[in-house]
Amino acid sequence: MANLGRTRRARNTGTALIALTTAGACAGGGGTTCTNIGAPSEVAFTVDPSGAEGVETALMELCRDGGCEEYELGFTRETRTVNEDCADGTCWAEAEETGGLHARVPVDDLPTEPVDVRIELRAADGEALLTDELSATPETVYPNGPDCGAQGPQLVLEIESGELRRS
């Protein structure tokens, strides 16, 4: 019976700790209410429609702290919202493909210091359609505003008119 009592106290302490941690995460300074929304540490890419034609696969090399990692990019078709309308308190919209591509790459421990990024877009036969590189600094993001704490960091890049650049 003594063991059961200690176990119960440990569980109750853990529950109280979780409740306090959650409450602290939901309330920012100065009476600000913060949601539980987060923002992953990632690199995001878009490729404009003129550069997306024929792209089948892509590789990204990310170099930092003297080492490099390679990532395969899984592109999805980029869309935009069209035909938005509202009636009787209900709204709707349709999505239309733009011809562009979009990818998000989760990167653990993405720094807020400059990184070197190299991208290679390839056709179905493996031919390189575009290879470009740049140095850029990922930025910390605040999805609930600066009073609610930092998330991320993130780096948003685009390939437009055949050139890799920060978006």
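This is a predicted model: local features need pLDDT of at least 70, side-chain atom pairs count only at pLDDT 80 or more; totals for chains, interfaces and linings use all residues.
**Surface.** Residues are numbered from 1 along each chain as its sequence is written, and side-chain values use heavy atoms, leaving out hydrogens and water.

**Burial.** I looked up the buried share next: 29% of the 167 residues of the protein chain (buried is under 20% relative accessible area, exposed over 50%, partly exposed in between; 1.4 Å probe, protein chains only).

**Fold.** I found two helices and ten strands (DSSP runs numbered from the N terminus: helices are H or I, at least four residues; strands are E, at least two). Along the sequence I read α-β-α-β-β-β-β-β-β-β-β-β.

**Salt bridges.** How many salt bridges does the structure hold? I found eight (a side-chain nitrogen of Lys or Arg within 4 Å of a carboxyl oxygen of Asp or Glu). One of them joins Arg 104 and Glu 42, with the closest N and O atoms 2.5 Å apart. Arg 104 sits in strand β5 (residues 90–106) and Glu 42 in strand β1 (residues 42–47), 62 residues apart. Glu 42 is buried at 7% relative accessible area.

I then followed Glu 120, which pairs with Arg 118 at 3.1 Å between the closest N and O atoms. Glu 120 is buried at 11%, while Arg 118 is partly exposed at 28%. A network of salt bridges links Arg 118, Glu 120 and Arg 122.
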